[in-house]
Amino acid sequence: MTTIDTSFDTRAARWAAEDVPSRPESYLQAARRRFGQNPVGLVSLGVLIALAASAVFAPVLTAYDPNFGEAADRLQPIGSAGHVLGTDEQGRDMVTRLLYGGRLSLIAGLTPVLFATLIGTTLGAIAGFAGGWLAALIMRTMDMFYAFPAVLLAIAVSASLGPGLVNVIISMSVIYIAPLARVAEAATRKVVVAEYIEAARLTGAGTPRILVTQVLANIFSPIFVYASGLVGLSIVIAASLSFLGLGVKPPAAEWGYMLNSLRGTIYVNPWVAALPGALIFVTSIAFNMFADSIRDALDVKE
Amino acid sequence: MPSTTTTPPARPTPRTPRSDGASPQTPLLEVRGVSKRFPVRLGLLEKGYVSAVDTLSFAVERGTTMGIVGESGCGKSTAARLILGLIAIDEGDVLFEGRNVVAARRMLQLRPDQKALRRNMQMVFQDPHSSLNPRASIGEIIAFPMKVHGFSKEQQRDRTDQLLRQVGLHPNHASYYPHQMSGGQRQRVNIARALALSPKLVVCDEAVSALDKSVQAQVLNLLKDLQEELDLTYIFISHDLNVVEYVSDDVCVMYLGQAVEICAADALYANPLHPYSQALLASIPRLLDDEPMREAQPLEGEVPSPLNPPSGCRFRTRCPFVMDVCAEERPSLSEPEPGHFVACHLYASPSGAPATMRPLMQPVGV
């Protein structure tokens, strides 16, 4: 059998120096390059980084306490001395409230999507890979969640759990599991019929291994794109729950709750009252545009 | 010997010597009466069965190539997947080196010793696009079977380099992604992956059908070279009669899930016995005038539905020589010429006793 190796080296010797294939850029390098060439993606990424940084460094950026105001300084307009964006109905500095509020809003936007992605992908991938009665059981259960409108379901779960950030995250994770499981299942079903899955089976690899090494990488990009699009919506729903009093407990700063508490001052100080809404809008748009750019960057031909 | 020789890594899985219990007479692979029916839903409650493969039997000798031909939908690919255990077998046995490798239960669960045997059977797939994981590099794709079997990182890398060279690629191709390669190159990767665990049997399912003619020739020659170098046994599935003639020692002609003729490739192309084989061969366009004229009636009609196959001989609805007995009785394989098996009432043995399927032992002209 030793003859094999030497005889085939003649084949290798045929590669003249100039014909030796160069190493091409990897998938991630290519995706990074394409993302870097997309101005929309870069701008939205910049906005998101700025929002995240301002939330994290809020104590450094402002000297005021977000939860205590001067009664004398109530309802200052935008541009007043010492309060660049004015004050709210309790005399608290708006810049400070908005910066601190970003913390809770971003957490409420990201964590439910993260949890729902982990759970939904697992359920969807298993359903798509196994098929049969297991898929029917999982997916029909998911379908039951579709019977309720997302916001109503979130309100129902939040109302039964009581107000608070953790309960907001739980209720929103619950409503996102079903759509994510469906996206994961559809993507998995497309992948499992491919011949490379059969090739993996022939090696003797077990189902969990095939799911992780062969399936996951191929369903990642549709799931990632869908999930990142949900973050914007998630911020809006979290704000809605706070607006309804089911979210964070007062006086904690959160954009949705701020929108609610400033509602009464809309005829006195309309611009100040609109500020939390503007930030919700900007954050949500930035996440959606970022998701679109990522999708474009990941979209290699196969 | 070239000067560029680097010390080749030791073969990670040394081939077990032939004295591993199987006598030299045992064919490498024996397929015995393998059948598969797929359930299909016809209406709300009505269920039907598609008979994809029906009592298929043949044997493949070490180092030879068994070609399986037939038109689309005749069960060639299903047969391959049944043999390899990718689909559960309804009935019948698959013997590899004389040992049964059919999973005991329907969930494709194998005993450990069967698993060890299974790794000797690999497959080269049809579609160069869907057979390679688009998110994995060529190196990862080829190394995956070795990873599953617990080879060290270094062994994986060395063997990948060696395999890439063996299939006519460069070790640098390991960092390519499938979409960066041509169809022919992908098929070479496909072959390299199939060879990664040093299998004894490689099933090529329409392995060159998706390639254009010039690339087909390259890949076919590569397969032939590898067979010679590595003492491989092939099952070569194709609808292309010329390709099958080129690579095969023995040929099995399938029609609607059944083997209708099994014989040496030379014998089939010189003297096809079954009316279906005759019609198939007559359909090959002739290039040269001095080739013998093949005479056969052109086939009429469509292949009947496998959902409700004709009684008796499945070919009778299109056979120019159809007789009364064809509708009543399924023809069994008879052996009108030594080593030449055919399932047709025209050649029924006078004694009425069906010829049993034996390993095809006659000398083969390569």
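**Close-up 1. B:Glu30 stands opposite B:Ala59 in E2(B).** The model shown here is predicted. Strand E1 of chain B covers residues 29-41. Strand E2 of chain B covers residues 47-60. The two strands run antiparallel, and ten bridges join them. Together E1(B) and E2(B) make a hairpin, with five residues between them. In a regular strand, side chains alternate between the two faces of the sheet.

**Close-up 2. Helices H7 and H10 of chain A cross at roughly 50 degrees.** Two packed helices are described by the angle and the distance between their axes. H7(A) spans residues 150-161, and H10(A) spans residues 207-243. Their axes come within 11 Å. At this angle H7(A) and H10(A) are therefore oblique to each other. Their crossing is right-handed.

**Close-up 3. Residues where H7(A) meets H10(A).** H7(A) brings A:Val151, A:Ala154, A:Ile155 and A:Ser158 to the contact. From H10(A) come A:Ile237, A:Ser240 and A:Leu241. Five of the contact residues are nonpolar and two are polar. None is charged.

**Close-up 4. Two stretches of chain B with pLDDT under 50.** One stretch is residues 1-22 of chain B. The model has 27 contacts beyond four places in sequence for residues 1-22. The other stretch is residues 351-366 of chain B, for which the model also has 27 such contacts. Where pLDDT is low, the predicted coordinates should not be read in detail. Chain B as a whole averages a pLDDT of 81, and 83% of its residues score at least 70. For the complex, the predictor gives an ipTM of 0.79 and a pTM of 0.79.

Conventions
Residues are numbered from 1 along each chain as its sequence is written. Chains are lettered from A and ligands numbered from 1 in the order in which they are written. This is a predicted model: local features need pLDDT of at least 70, side-chain atom pairs count only at pLDDT 80 or more; totals for chains, interfaces and linings use all residues. pLDDT is the predictor's confidence in each residue, from 0 to 100. Two residues are in contact if their C-beta atoms, placed from the backbone, lie within 7 Å. Axes are lines fitted to C-alpha atoms, for helices over the stretch in contact, and angles run from 0 to 180 degrees between N-to-C directions. Helices (H or I, at least four residues) and strands (E, at least two) are DSSP runs, numbered from the N terminus. Angles under 35 degrees count as roughly parallel, over 145 as roughly antiparallel, 65 to 115 as roughly perpendicular and the rest as oblique. A crossing is left-handed if the near helix is turned anticlockwise from the far one by less than a right angle, and right-handed if clockwise. Ala, Val, Leu, Ile, Met, Phe, Trp, Tyr, Cys and Pro count as nonpolar, Asp, Glu, Lys and Arg as charged, and the others, Gly among them, as polar. Two strands pair if DSSP finds at least two bridges between them.
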